[in-house]
There are 2 protein chains.
Amino acid sequence: MAFSEFRPLDEKSLFDYIRATPALSEKIGSNVDEMKIQEVGDGNLNFVYIVVSPAGSLVIKQALPYVRCIGESWPMTKERAYFEATVLKEHSRLCPEHVPELYHFDRTMSLIGMKYLEPPHIILRKGLIAGIKYPLLAEHVSDYMAKTLYYTSLLYNTTTEHKRAVAEFCGNVEMCRLTEQVVFSDPYKVSHYNKWNSPYLDQDVVAVREDNELKIEVAELKAKFCERSQALLHGDLHTGSLMVTPESTQVIDPEFGFYGPMGYDIGAFIGNLILAYYAQDGHADASNDRKAYKEWLLKTIYDTWSLFEKKFTSLWNKHKDGEGEAYLPEIYNNSEVQQLVQKKFLIDLLHDSLGFGAAKMIRRIVGVAHVEDLESIEDQSRRAKCERQALEFAKSLLKGRRKFQSIGEVVLAIQQSQ
Amino acid sequence: MAFSEFRPLDEKSLFDYIRATPALSEKIGSNVDEMKIQEVGDGNLNFVYIVVSPAGSLVIKQALPYVRCIGESWPMTKERAYFEATVLKEHSRLCPEHVPELYHFDRTMSLIGMKYLEPPHIILRKGLIAGIKYPLLAEHVSDYMAKTLYYTSLLYNTTTEHKRAVAEFCGNVEMCRLTEQVVFSDPYKVSHYNKWNSPYLDQDVVAVREDNELKIEVAELKAKFCERSQALLHGDLHTGSLMVTPESTQVIDPEFGFYGPMGYDIGAFIGNLILAYYAQDGHADASNDRKAYKEWLLKTIYDTWSLFEKKFTSLWNKHKDGEGEAYLPEIYNNSEVQQLVQKKFLIDLLHDSLGFGAAKMIRRIVGVAHVEDLESIEDQSRRAKCERQALEFAKSLLKGRRKFQSIGEVVLAIQQSQ
Ligand SMILES: Nc1ncnc2c1ncn2[C@@H]1O[C@H](COP(=O)(O)OP(=O)(O)O)[C@@H](O)[C@H]1O
Ligand SMILES: Nc1ncnc2c1ncn2[C@@H]1O[C@H](COP(=O)(O)OP(=O)(O)O)[C@@H](O)[C@H]1O
Ligand SMILES: [Mg+2]
Ligand SMILES: [Mg+2]
Ligand SMILES: [Mg+2]
Ligand SMILES: [Mg+2]
Ligand SMILES: [Mg+2]
């Protein structure tokens, strides 16, 4: 068999691979000779091919044993594809509306076959830069987060199931280490991977490295990331991991998936929306001052958390007499105590989410991987102004996250920061 | 081979087993015919045999597939012996002064061979009931806790090592579930396993079940117990898991070992010392009012935490430039930030320890397994008075643990509670 050991595919060999793989060729129709293959990977890590034929389409994603955007000098286990496939399967079972179907997984080849999210689907981040409103975004993302986080937690599962799954995802340790480095460590130290808008932000970068209070809070978040197995996370839920149309929202790329703190996923999404917010002033022009769009972004932040809170609570109520071992119904046996534990759970989760969201913002401004929202602002001094505002807000959010009692207060603080 | 599949041993078959097992027979000397075997298990779960011959001695512990003190109606995996042996090996490597040497482990037979802790070693709990002072106890236990908790945490280890070990100990899930049930659940609900000093404590038991604030706090501790893989815990570090003389302190019985929150071990020990404190009034008599002994107990609580804090911090400082990934030296790079993170870490750990300690106290008064400190008070009304004081203090400690800024304040609160 031609693919009995790992080898990186290209357009040509992928053609042979698909022909030899019924789970894929059956999606493309029998006339495989007419299929067209195009590499479209714009992410940081992997190779992604769109395959279309008159009879069908699919996407192939292959992990190579290094970080694509850095090159072979930064090795990275290709086993990440196994965890991506495992999370895709689990999350699409829990929330099929918002996760593309997995067609095929080949562990030897670190290769995933999945549903092609056809145009007009685009990466959410690109839509946010273009100033496109997605009226259903908060509804959809809150749905995805509530379902995937609730159903993979001890609120729903027994300890036995939970520990089995936690043990399995301990295997995705290299991806966790990458996050530890690029999110929780490098931005707070001198690292040759770090990049920033120099010379404008030179002093800001030094200030981050010298902010003891910030570094103390980051240590707490890092410990939570490393030690708290609360739910099966996506692990990289920024606005570049969502493909959208005004009607559809699809979550891709869960290769960083593991059992971690719920707030890490929620924070990734909200933090990236806040980054998009601060980037808007850099995209405003005579034809569009982006003011209304900024309002829409704030509303989306507000709605995402509010709807998440509502949906998560309603799943909790729905299954409160089920198998979940965290809150036994014989203990949390009156509506007052039930409401109090939910309130406490959700305020703690809000604080975690704000902390992680802020950490994700900071790393996108002073760390190795930046976001197009800010990078695409051509005037560097204008860009620096946006970045500095975002950075200052993120720092105060990370340090002061426990002061916020509701998402409304957070949105107000964003507004007042400008 | 006679022992190729599991079977419960008795004095007779154990004799054959030892003869067939060089790792054991070599400890006993060649003259195995002169060896004497005695079952001494007084614990809740397992069978323990002391084996002595003129040439040597050892202890054999065998796990049967049920809970000894309940019987076959409460099945319990005998695989716990594997985790006990694994923790014994690891903890005795890290702290050989205070953990008996493992001689032999047989997974098929769920059987451990270890060093016999000879008389005058007795179980610490019995010494505390008898009013015996152990001047080195705090020094020794703080040493054991500092070393085992520090060296198995991310303060010392890489994420890679940590997640591998966490995954392995996810396998001890049945023991974790037992703890979840008997410590964090049953005491707060109606359960036919619960016992209490009836009728004296009937109202107190109801009050625990109806205390919403208490139940909310217990949920937070339970989540930490289930989700936070901070260090390799002993998992059952009460005063019945220590064998002592005035000069020696030995930790036995880590069958509940797993990666959990450090405060669970520290709290188990301190909580059981507080129980011993409240039991003293029940043991006072004309010849000994136990007042001085109560002072010694308070001093031991104070010293245990203070010395732990000192030793743990000094291990942290000693290895701060090592492999540990939690606090990178390039980030925590000045003495001010180093001191601040340590202070925050230790105050959070104190709060965890107080919370878990309080939960352990409560379960020993209203849950399935009680402590001899209180059970041995013959006058039931006198016993009830001690129990109620302990219970009230534990409840207020659990709910108010975050108010305490130092162990001195905790000791003061114990004193003022009487
Ligand atoms: N199922 C899909 N349908 C359509 N396009 C996709 C699909 N999966 C990935 N892509 C495209 O490929 C890009 C990279 O995919 P991604 O999974 O994010 O890879 P990486 O892990 O390298 O970031 C995405 O930004 C998107 O444009
Ligand atoms: N190494 C040892 N040396 C001497 N006595 C021991 C040793 N291990 C256990 N014992 C005795 O056996 C009793 C039960 O042992 P333990 O390990 O606590 O079992 P269990 O898991 O059933 O609680 C102890 O209380 C102690 O008296
Ligand atoms: Mg991506
Ligand atoms: Mg964990
Ligand atoms: Mg990716
Ligand atoms: Mg025991
Ligand atoms: Mg035991």
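Good morning. A donor to a metal is an N, O or S atom within 2.8 Å of it, and water is not among the atoms, so sites may look incomplete. The structure before you is a predicted model.

With that definition in hand, let me turn to the metals in chain A. The magnesium ion (ligand 5) lies 3.5 Å from the magnesium ion (ligand 3), and A:D253 coordinates both. For ligand 5, the coordinating atoms come from A:D253, which is listed with two OD entries, and from A:E255, through OE. These distances run from 2.0 to 2.3 Å.

Are these two residues buried or exposed? A residue counts as buried under 20% relative accessible area. A:D253 has 17% relative accessibility and therefore counts as buried. A:E255, at 1%, is buried as well.

I now move to chain B and ligand 2. There are 18 residues around this ligand, and those that come nearest are B:D42, B:N46, B:K61, B:K115 and B:E255. The side chain of B:N46 places an N or O atom 2.7 Å from an oxygen atom of ligand 2. The side chain of B:E255 likewise has an N or O atom 2.7 Å from an oxygen atom of the ligand. In B:K115, by contrast, a backbone N or O atom is 2.9 Å from a nitrogen atom of ligand 2. Taken alone, ligand 2 exposes 540 Å², of which the protein buries 93%.

What classes of residue make up the shell around ligand 2? It has 10 nonpolar, 3 polar and 5 charged residues. Domain 1 (11-114) and domain 2 (122-416) of chain B each supply at least three residues to this shell.

Thank you for your attention.

Methods: Residues are numbered from 1 along each chain as its sequence is written. Chains are lettered from A and ligands numbered from 1 in the order in which they are written. This is a predicted model: local features need pLDDT of at least 70, side-chain atom pairs count only at pLDDT 80 or more; totals for chains, interfaces and linings use all residues. Side-chain values use heavy atoms; hydrogens and water are left out. A residue is near a molecule or strand if one of its heavy atoms lies within 4 Å of it. A polar contact is a pair of N or O atoms within 3.5 Å; within protein, one must be able to donate a hydrogen and the other to accept it, and residues adjacent in sequence count only if both atoms are side-chain atoms. Accessible areas come from the Shrake-Rupley method with a 1.4 Å probe; for residues, only the protein chains shown count as cover. Ala, Val, Leu, Ile, Met, Phe, Trp, Tyr, Cys and Pro count as nonpolar, Asp, Glu, Lys and Arg as charged, and the others, Gly among them, as polar. Domain bounds come from an automatic or database domain assignment. Donors are N, O and S atoms within 2.8 Å of the metal (3.2 Å for Na, K and Ca); water is not among the atoms, so sites may look incomplete. Buried means under 20% relative accessible area, exposed over 50%, partly exposed in between (1.4 Å probe, protein chains only).
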